[in-house]
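Hi there,

Here is the structure I promised to pass on. Have a look at it first, and my notes follow below.

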Amino acid sequence: MSNQLDNPSQWATGADPPTDKQKGFLSTLASSKGVSDQVNPDQMNKSEASSKIDELKNQPTQNADAEAGQPIQNPDTWTTGDDKATGKQMGYVAVMAKKAGESVPESMGKTDASKKIEELKEKTGM
């Protein structure tokens, strides 16, 4: 089974259009690698998008200052949004809250953490 998962060309849904997550990640990744003009996710299928993502992940970053896009999904619709925020989320909140002169919350859910990160990005310019 892992061989099939490792080979996108064998996916049952490989010929389907790429997912919104694939398109968003591929666009951001292509921008950071300096090849945005060479990558068009709308002209790919899922299999091709996955292969291109893997290819780009192994290339050196050309544009380290490339801005990340907007969240691919609305945090309010996350099925795990009430789960405890990840360590990375809490780390981002802590760093940005300190920079913004705000107190650092002890704990948050994933949705609240995501919203707080976006709010603090605006305040801090990070």
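Predicted model: local features only at pLDDT ≥ 70, side-chain atom pairs only at ≥ 80, totals over all residues.

The buried residues of helix 3 are Lys46, Ser47, Ala49, Ser50, Ile53 and Leu56. Helix 3 itself covers residues 46–57, 12 residues in all, and reaches 16 Å from its first C-alpha to its last, close to the 16 Å expected at 1.5 Å a residue.

Next, take a look at Asn45, which sits in the loop between helix 2 and helix 3. Asn45 caps the N-terminal end of helix 3, with a side-chain oxygen 3.0 Å from the backbone nitrogen of Ser47. A polar atom of the Asn45 side chain also lies 2.7 Å from the backbone nitrogen of Glu48. Leaving aside residues up to four places away in sequence, Asn45 touches Gly14, Ala15, Asp16, Pro17 and Pro18. Its relative accessible area is 18%, so Asn45 counts as buried, the cut-off being under 20%.

The axes of helix 4 (residues 87–99) and helix 5 (residues 110–124) come within 9 Å and cross at roughly 35 degrees, and the crossing is left-handed. On the helix 4 side, the contact is made by Gln89, Tyr92, Val93, Met96, Ala97 and Lys99. These meet Lys110, Ala113, Ser114, Lys116, Ile117, Leu120, Lys121 and Thr124 in helix 5. By type, the residues of this contact divide into seven nonpolar, three polar and four charged.

Best wishes

Methods
Residues numbered from 1 in each chain as written. Heavy atoms only, no water. Axes fitted to C-alpha atoms, helices over the stretch in contact; angles between N-to-C directions. Helix = DSSP H or I, 4+ residues; strand = E, 2+ residues; numbered from the N terminus. Left-handed = near helix turned anticlockwise from the far one by under 90°. Contact = heavy atoms within 4.5 Å. Nonpolar A, V, L, I, M, F, W, Y, C, P; charged D, E, K, R; others polar. Expected span 1.5 Å × (residues − 1). Buried < 20%, exposed > 50% of the residue type's maximum accessible area, 1.4 Å probe, protein only. Polar contact = N/O pair within 3.5 Å; in protein donor to acceptor, adjacent residues only side chain to side chain.
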